[in-house]
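Here are my notes on the aromatic side chains. Please read them next to the model.

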Amino acid sequence: MSEKKLLPLTNDPIFKLFFKDDKNKELLISLLSNFLPLPEGSTILSVDILESELLSKKISKIKEERGKKYILDLRVKFKRTNEKGEKEIEMANVEVQTTSRGHMTDRLLAYACRIYGEQLKEGSSYQKLHRVYSLVFMTNNLVAFKNSPRFDHVCTIRENHEPYTVFSEGLCFVIIELAKFEKKMEELLDKKHDWCYLLKNADKMKLEEQEHFVSKGGEMAKAMERLWNLSQDEMARELYMAELKRDIDKRSWEEEAHTEGIAKGRAEGRAEGRAEGMEEGRAEGRAEGREEGLAEEVIKGQTEGSTEEIEDVQ
(Lines give C-alpha, C1' and ligand atoms only; values in the text may rest on other atoms or scores of the structure.)
Protein backbone atom coordinates (compact mmCIF):
# COMPACT_ATOMS: atom_id res chain seq x y z
CA MET A 1 0.00 0.00 0.00
CA SER A 2 1.45 3.38 -1.00
CA GLU A 3 0.84 6.63 0.80
CA LYS A 4 -1.88 8.76 -0.80
CA LYS A 5 -2.35 12.49 -0.43
CA LEU A 6 -5.84 12.99 1.01
CA LEU A 7 -8.17 15.99 0.88
CA PRO A 8 -8.98 17.66 4.21
CA LEU A 9 -12.29 16.69 5.79
CA THR A 10 -12.39 20.10 7.49
CA ASN A 11 -13.04 21.65 4.08
CA ASP A 12 -16.79 22.27 3.91
CA PRO A 13 -17.54 20.84 0.42
CA ILE A 14 -15.33 17.78 1.01
CA PHE A 15 -16.96 17.15 4.39
CA LYS A 16 -20.42 17.17 2.83
CA LEU A 17 -19.49 15.13 -0.25
CA PHE A 18 -17.78 12.56 1.98
CA PHE A 19 -21.03 11.82 3.85
CA LYS A 20 -23.53 12.68 1.10
CA ASP A 21 -22.24 10.18 -1.44
CA ASP A 22 -22.05 7.29 1.01
CA LYS A 23 -24.69 5.16 -0.73
CA ASN A 24 -25.74 3.14 2.30
CA LYS A 25 -25.25 6.10 4.68
CA GLU A 26 -23.18 3.81 6.88
CA LEU A 27 -20.57 6.51 7.60
CA LEU A 28 -23.17 9.16 8.40
CA ILE A 29 -25.00 6.75 10.73
CA SER A 30 -21.70 6.02 12.47
CA LEU A 31 -20.97 9.73 12.90
CA LEU A 32 -24.43 10.46 14.35
CA SER A 33 -24.40 7.38 16.58
CA ASN A 34 -21.04 8.24 18.13
CA PHE A 35 -21.59 11.96 18.75
CA LEU A 36 -25.29 12.54 19.42
CA PRO A 37 -26.45 11.98 23.03
CA LEU A 38 -29.00 9.31 22.10
CA PRO A 39 -30.65 7.25 24.86
CA GLU A 40 -28.71 4.17 25.87
CA GLY A 41 -29.74 1.17 23.85
CA SER A 42 -31.19 3.15 20.95
CA THR A 43 -30.09 2.38 17.40
CA ILE A 44 -30.21 4.54 14.27
CA LEU A 45 -32.02 2.56 11.59
CA SER A 46 -31.87 4.86 8.57
CA VAL A 47 -30.85 8.35 7.47
CA ASP A 48 -32.34 10.57 4.76
CA ILE A 49 -30.63 13.72 3.46
CA LEU A 50 -33.40 16.29 3.19
CA GLU A 51 -32.18 18.51 0.36
CA SER A 52 -29.93 18.51 -2.66
CA GLU A 53 -26.40 19.61 -1.89
CA LEU A 54 -25.07 21.11 -5.12
CA LEU A 55 -26.70 24.30 -6.35
CA SER A 56 -24.54 24.65 -9.45
CA LYS A 57 -22.79 22.21 -11.76
CA LYS A 58 -20.59 24.82 -13.36
CA ILE A 59 -17.52 24.65 -11.18
CA SER A 60 -15.58 27.15 -13.30
CA LYS A 61 -18.35 29.69 -12.84
CA ILE A 62 -18.48 29.00 -9.12
CA LYS A 63 -14.77 29.74 -8.82
CA GLU A 64 -15.22 33.15 -10.39
CA GLU A 65 -18.25 34.28 -8.42
CA ARG A 66 -17.28 36.24 -5.38
CA GLY A 67 -18.55 34.74 -2.14
CA LYS A 68 -20.90 32.26 -3.84
CA LYS A 69 -22.20 29.51 -1.58
CA TYR A 70 -22.74 26.44 -3.70
CA ILE A 71 -23.29 23.69 -1.11
CA LEU A 72 -26.13 23.70 1.38
CA ASP A 73 -25.82 22.47 4.94
CA LEU A 74 -26.00 18.73 5.49
CA ARG A 75 -29.48 18.43 6.96
CA VAL A 76 -30.73 14.93 7.71
CA LYS A 77 -33.73 13.12 9.12
CA PHE A 78 -33.02 9.85 10.85
CA LYS A 79 -35.14 7.06 12.25
CA ARG A 80 -34.06 5.31 15.42
CA THR A 81 -35.33 2.96 18.07
CA ASN A 82 -35.59 4.18 21.66
CA GLU A 83 -34.83 2.27 24.84
CA LYS A 84 -38.26 0.63 24.61
CA GLY A 85 -37.70 -0.52 21.06
CA GLU A 86 -40.17 2.02 19.66
CA LYS A 87 -39.33 3.87 16.44
CA GLU A 88 -38.78 7.62 16.61
CA ILE A 89 -37.86 10.25 14.01
CA GLU A 90 -35.37 13.04 14.77
CA MET A 91 -33.46 15.62 12.73
CA ALA A 92 -29.90 16.87 12.65
CA ASN A 93 -27.87 19.56 10.95
CA VAL A 94 -24.28 18.40 10.54
CA GLU A 95 -21.51 20.83 9.59
CA VAL A 96 -17.87 21.76 9.93
CA GLN A 97 -16.91 25.34 10.84
CA THR A 98 -13.55 27.08 10.48
CA THR A 99 -14.53 30.22 12.41
CA SER A 100 -15.22 30.86 16.05
CA ARG A 101 -16.39 34.46 16.11
CA GLY A 102 -18.54 35.76 18.93
CA HIS A 103 -21.79 35.47 16.96
CA MET A 104 -21.36 31.74 16.27
CA THR A 105 -23.55 30.57 19.17
CA ASP A 106 -26.34 32.94 18.10
CA ARG A 107 -26.06 31.65 14.53
CA LEU A 108 -26.35 28.03 15.68
CA LEU A 109 -29.37 28.85 17.84
CA ALA A 110 -31.13 30.80 15.10
CA TYR A 111 -30.52 28.10 12.49
CA ALA A 112 -31.68 25.27 14.78
CA CYS A 113 -34.83 27.22 15.67
CA ARG A 114 -35.58 27.68 11.98
CA ILE A 115 -35.26 23.94 11.30
CA TYR A 116 -37.43 23.21 14.33
CA GLY A 117 -40.13 25.73 13.38
CA GLU A 118 -40.22 24.79 9.68
CA GLN A 119 -41.63 21.41 10.66
CA LEU A 120 -44.93 23.06 11.56
CA LYS A 121 -47.39 22.87 8.71
CA GLU A 122 -50.87 24.32 8.56
CA GLY A 123 -53.09 22.34 10.89
CA SER A 124 -50.20 20.32 12.37
CA SER A 125 -49.64 19.73 16.08
CA TYR A 126 -46.70 20.77 18.26
CA GLN A 127 -46.59 17.20 19.48
CA LYS A 128 -45.42 16.11 16.03
CA LEU A 129 -42.29 18.28 16.10
CA HIS A 130 -39.12 16.21 15.86
CA ARG A 131 -36.13 16.92 18.04
CA VAL A 132 -33.39 18.85 16.22
CA TYR A 133 -29.67 18.28 16.85
CA SER A 134 -26.91 20.62 15.70
CA LEU A 135 -23.71 18.61 15.33
CA VAL A 136 -20.87 21.03 14.65
CA PHE A 137 -17.17 20.26 14.24
CA MET A 138 -15.09 23.39 14.94
CA THR A 139 -11.51 23.68 13.69
CA ASN A 140 -10.96 26.54 16.16
CA ASN A 141 -12.11 26.91 19.74
CA LEU A 142 -15.51 28.44 20.44
CA VAL A 143 -15.45 31.58 22.58
CA ALA A 144 -18.23 30.25 24.82
CA PHE A 145 -16.02 27.34 25.92
CA LYS A 146 -12.69 29.16 26.21
CA ASN A 147 -12.29 28.13 29.88
CA SER A 148 -13.27 24.49 29.35
CA PRO A 149 -10.60 21.79 28.79
CA ARG A 150 -13.17 19.48 27.13
CA PHE A 151 -13.23 19.07 23.36
CA ASP A 152 -16.84 17.83 23.25
CA HIS A 153 -19.84 19.79 24.53
CA VAL A 154 -23.54 18.94 24.72
CA CYS A 155 -25.89 21.89 25.31
CA THR A 156 -29.64 21.76 25.93
CA ILE A 157 -32.24 24.18 27.30
CA ARG A 158 -32.32 23.79 31.08
CA GLU A 159 -33.52 25.54 34.25
CA ASN A 160 -30.75 27.75 35.68
CA HIS A 161 -31.21 26.84 39.36
CA GLU A 162 -31.81 23.15 38.64
CA PRO A 163 -29.49 22.23 35.73
CA TYR A 164 -30.76 18.65 35.69
CA THR A 165 -34.26 19.92 34.90
CA VAL A 166 -34.67 20.07 31.12
CA PHE A 167 -36.97 22.88 30.00
CA SER A 168 -37.30 21.49 26.47
CA GLU A 169 -35.86 18.54 24.59
CA GLY A 170 -36.63 20.15 21.22
CA LEU A 171 -33.11 21.48 20.61
CA CYS A 172 -29.74 19.95 21.36
CA PHE A 173 -26.33 21.34 20.37
CA VAL A 174 -23.29 19.09 20.12
CA ILE A 175 -20.09 21.09 19.62
CA ILE A 176 -16.78 19.33 18.91
CA GLU A 177 -13.68 21.53 19.21
CA LEU A 178 -11.13 19.70 17.11
CA ALA A 179 -8.37 22.12 18.15
CA LYS A 180 -8.66 20.76 21.70
CA PHE A 181 -8.53 17.14 20.55
CA GLU A 182 -4.83 16.33 20.97
CA LYS A 183 -4.79 12.53 21.25
CA LYS A 184 -2.16 10.63 19.30
CA MET A 185 -3.03 7.63 17.16
CA GLU A 186 -1.98 5.13 19.84
CA GLU A 187 -4.23 6.91 22.37
CA LEU A 188 -7.48 6.50 20.42
CA LEU A 189 -9.92 4.60 22.62
CA ASP A 190 -13.16 4.39 20.63
CA LYS A 191 -14.89 5.35 17.39
CA LYS A 192 -15.57 8.85 18.68
CA HIS A 193 -11.81 9.35 19.01
CA ASP A 194 -11.24 7.71 15.61
CA TRP A 195 -13.63 10.14 13.91
CA CYS A 196 -12.10 13.18 15.63
CA TYR A 197 -8.61 12.09 14.61
CA LEU A 198 -9.65 11.45 11.01
CA LEU A 199 -11.58 14.73 10.71
CA LYS A 200 -8.74 16.77 12.16
CA ASN A 201 -5.78 15.07 10.46
CA ALA A 202 -7.05 13.57 7.18
CA ASP A 203 -4.83 15.64 4.86
CA LYS A 204 -1.78 15.24 7.14
CA MET A 205 -1.94 11.47 7.69
CA LYS A 206 1.15 9.46 6.84
CA LEU A 207 1.13 5.95 5.41
CA GLU A 208 1.29 4.20 8.80
CA GLU A 209 -1.69 6.22 10.03
CA GLN A 210 -3.72 5.38 6.93
CA GLU A 211 -2.86 1.70 7.31
CA HIS A 212 -3.81 1.84 10.98
CA PHE A 213 -7.34 2.93 10.10
CA VAL A 214 -7.62 0.30 7.39
CA SER A 215 -6.58 -2.37 9.89
CA LYS A 216 -9.47 -1.42 12.16
CA GLY A 217 -11.87 -2.80 9.55
CA GLY A 218 -15.58 -1.95 9.46
CA GLU A 219 -16.61 1.69 9.28
CA MET A 220 -13.13 3.19 9.67
CA ALA A 221 -11.69 1.06 6.87
CA LYS A 222 -14.62 2.11 4.70
CA ALA A 223 -14.00 5.76 5.68
CA MET A 224 -10.41 5.52 4.46
CA GLU A 225 -11.49 3.94 1.17
CA ARG A 226 -14.16 6.62 0.72
CA LEU A 227 -11.63 9.38 1.38
CA TRP A 228 -9.08 7.86 -1.01
CA ASN A 229 -11.63 7.73 -3.81
CA LEU A 230 -12.94 11.23 -3.08
CA SER A 231 -9.39 12.64 -3.07
CA GLN A 232 -8.89 11.34 -6.63
CA ASP A 233 -12.18 12.76 -7.89
CA GLU A 234 -11.67 15.74 -10.23
CA MET A 235 -14.91 17.49 -9.26
CA ALA A 236 -14.13 17.11 -5.56
CA ARG A 237 -10.69 18.63 -6.05
CA GLU A 238 -12.22 21.52 -8.03
CA LEU A 239 -14.70 22.13 -5.24
CA TYR A 240 -11.89 22.01 -2.69
CA MET A 241 -9.82 24.55 -4.62
CA ALA A 242 -12.84 26.82 -5.15
CA GLU A 243 -13.61 26.80 -1.43
CA LEU A 244 -9.95 27.36 -0.60
CA LYS A 245 -9.83 30.35 -2.95
CA ARG A 246 -13.06 31.69 -1.45
CA ASP A 247 -11.58 31.49 2.06
CA ILE A 248 -8.38 33.21 0.97
CA ASP A 249 -10.34 35.95 -0.81
CA LYS A 250 -12.57 36.37 2.24
CA ARG A 251 -9.60 36.78 4.57
CA SER A 252 -8.02 39.19 2.10
CA TRP A 253 -11.23 41.28 1.95
CA GLU A 254 -11.47 41.28 5.73
CA GLU A 255 -7.83 42.37 6.10
CA GLU A 256 -8.31 45.12 3.51
CA ALA A 257 -11.48 46.30 5.22
CA HIS A 258 -9.68 46.25 8.57
CA THR A 259 -6.73 48.23 7.16
CA GLU A 260 -9.07 50.72 5.46
CA GLY A 261 -11.05 51.05 8.67
CA ILE A 262 -7.91 51.81 10.67
CA ALA A 263 -6.72 54.36 8.07
CA LYS A 264 -10.13 56.02 8.00
CA GLY A 265 -10.25 56.07 11.78
CA ARG A 266 -6.83 57.67 11.95
CA ALA A 267 -7.77 60.29 9.34
CA GLU A 268 -11.01 61.09 11.19
CA GLY A 269 -9.07 61.18 14.43
CA ARG A 270 -6.55 63.65 12.98
CA ALA A 271 -9.33 65.83 11.58
CA GLU A 272 -11.15 65.73 14.90
CA GLY A 273 -7.89 66.44 16.68
CA ARG A 274 -7.25 69.46 14.45
CA ALA A 275 -10.76 70.75 15.09
CA GLU A 276 -10.38 70.24 18.83
CA GLY A 277 -6.93 71.83 18.70
CA MET A 278 -8.30 74.87 16.89
CA GLU A 279 -11.10 75.20 19.40
CA GLU A 280 -8.69 74.75 22.30
CA GLY A 281 -6.41 77.34 20.69
CA ARG A 282 -9.28 79.78 20.41
CA ALA A 283 -10.26 79.14 24.02
CA GLU A 284 -6.67 79.52 25.22
CA GLY A 285 -6.31 82.68 23.15
CA ARG A 286 -9.45 84.12 24.69
CA ALA A 287 -8.23 83.17 28.16
CA GLU A 288 -4.79 84.65 27.55
CA GLY A 289 -6.38 87.80 26.17
CA ARG A 290 -8.51 88.14 29.28
CA GLU A 291 -5.47 87.57 31.48
CA GLU A 292 -3.38 90.15 29.60
CA GLY A 293 -6.19 92.69 29.73
CA LEU A 294 -6.60 92.12 33.45
CA ALA A 295 -2.83 92.53 33.99
CA GLU A 296 -2.85 95.83 32.13
CA GLU A 297 -5.72 97.10 34.27
CA VAL A 298 -3.92 96.08 37.46
CA ILE A 299 -0.70 97.73 36.35
CA LYS A 300 -2.57 100.82 35.31
CA GLY A 301 -4.36 101.00 38.63
CA GLN A 302 -1.17 100.50 40.57
CA THR A 303 0.72 103.18 38.63
CA GLU A 304 -1.94 105.89 38.47
CA GLY A 305 -0.53 109.24 39.62
CA SER A 306 1.17 112.28 38.36
CA THR A 307 4.19 112.19 36.21
CA GLU A 308 6.03 113.99 38.92
CA GLU A 309 5.24 111.28 41.48
CA ILE A 310 6.53 108.62 39.14
CA GLU A 311 9.66 110.62 38.50
CA ASP A 312 10.12 111.08 42.26
CA VAL A 313 9.99 107.33 42.75
CA GLN A 314 12.70 106.89 40.13
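1. Tyr 133 is buried, at a relative accessible area of 0%. Buried here means under 20% relative accessible area, exposed over 50% and partly exposed in between, with a 1.4 Å probe and protein chains only. Phe 78 is buried too, with a value of 1%.

2. The model is predicted: local features need pLDDT of at least 70, side-chain atom pairs count only at pLDDT 80 or more, and totals for chains, interfaces and linings use all residues. Residues are numbered from 1 along each chain as its sequence is written, and side-chain values use heavy atoms, without hydrogens and water.

3. Rings of Phe, Tyr and Trp (its six-membered ring) pair if their centres lie within 6.5 Å; planes under 30 degrees apart are stacked, over 60 edge-to-face, the rest tilted. This rule gives nine aromatic pairs.

4. Take Phe 15 and Phe 137. Their ring centres are 6.1 Å apart and their planes meet at 55 degrees, so the pair is tilted. Phe 15 sits in helix 1 (residues 12–20) and Phe 137 in strand 4 (residues 132–138), 122 residues apart. Helices (H or I, at least four residues) and strands (E, at least two) are DSSP runs, numbered from the N terminus. Phe 15 is buried at 0% relative accessibility. Phe 137 is buried, also with 0%.

5. Phe 78 and Tyr 133 also form a tilted pair, because their centres lie 6.1 Å apart with planes at 35 degrees.

6. One aromatic cluster contains Phe 15, Phe 18, Phe 19, Phe 35, Phe 137 and Trp 195.
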